[in-house]
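Here's a quick briefing on this one. Have a look at the sequence and fold, then read on.

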Amino acid sequence: MVDVHSKETRSYNMSQIKGKNTKPEILVRKFLFAQGYRYRLHNKKLPGTPDLVLPKYKTVIFIHGCFWHRHEGCRYFVIPKTRTEWWLNKINGNVRKDIESINLLKSMGWRILILWECDLKPDKKEHRLELLLKELNANE
Ligand SMILES: [Zn+2]
C-alpha cells in the first residue's frame, strides 16, 4: 500500500487528532518564549496534561480548540449534523475531563489559564496575548 501523504502532512494530521502541537499552541509557545518565559510542554504527570506548565509562576496553560472543548456561544463550536449523538458524547466527555483536571490542578495549588482557539485567530491574537502577560504577572 502506498502512503500518499508526505511525512509532514502525516505528522500534521496526527497532531490535529491528538490535539498536540496545534497552530494556536505553537503561537502561544513562541510568544511566551520570546518574552523570556520558560515552560514545560505536555506534562503527563499533571492532571489533563496541560499544554504549557510554568513552574515559576505555578501556572498551567491549556489551549483549547473551540470545537473539541465546547466553547459555548462560539461560532467555531458547531454540532455536526451527522452522527450528532456520537459527537456530543465525545465532546461532553472531553468537557467532563476538563472540569475534573481543573479541579485537581486547583487542589494542587496551580493557577489555570485557558486560551481559546478563536481568541488566537490573526485579528484577535495580539489582544489575547497581551492579556495573557497581564494574567501571568497578576500574581497572588
Ligand atoms: Zn471559541
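The protein averages a pLDDT of 89, with 85% of the residues scoring at least 70; pLDDT is the predictor's confidence in each residue, from 0 to 100. This is a predicted model, in which local features need pLDDT of at least 70, side-chain atom pairs count only at pLDDT 80 or more, and totals for chains, interfaces and linings use all residues. Numbering starts from 1 along each chain as its sequence is written.

**Confidence**
- Over residues 12-17 pLDDT stays under 50, and the model has four contacts there beyond four places in sequence (a contact is two C-beta atoms, placed from the backbone, within 7 Å).

**Overall fold**
- Four helices and four strands make up the secondary structure (DSSP runs numbered from the N terminus: helices are H or I, at least four residues; strands are E, at least two).
- Along the sequence the pattern reads α-α-β-β-β-α-β-α.

**Strands 3 and 4**
- Strand 3 (residues 59-64) and strand 4 (residues 111-116) run parallel, joined by six bridges.
- His64 sits opposite Trp116 in strand 4.

**Helix 3**
- Helix 3 has 24 residues and spans 35 Å from first C-alpha to last, close to the expected 34 Å (1.5 Å times one less than its number of residues).

Note on methods
Pairing = 2+ DSSP bridges.
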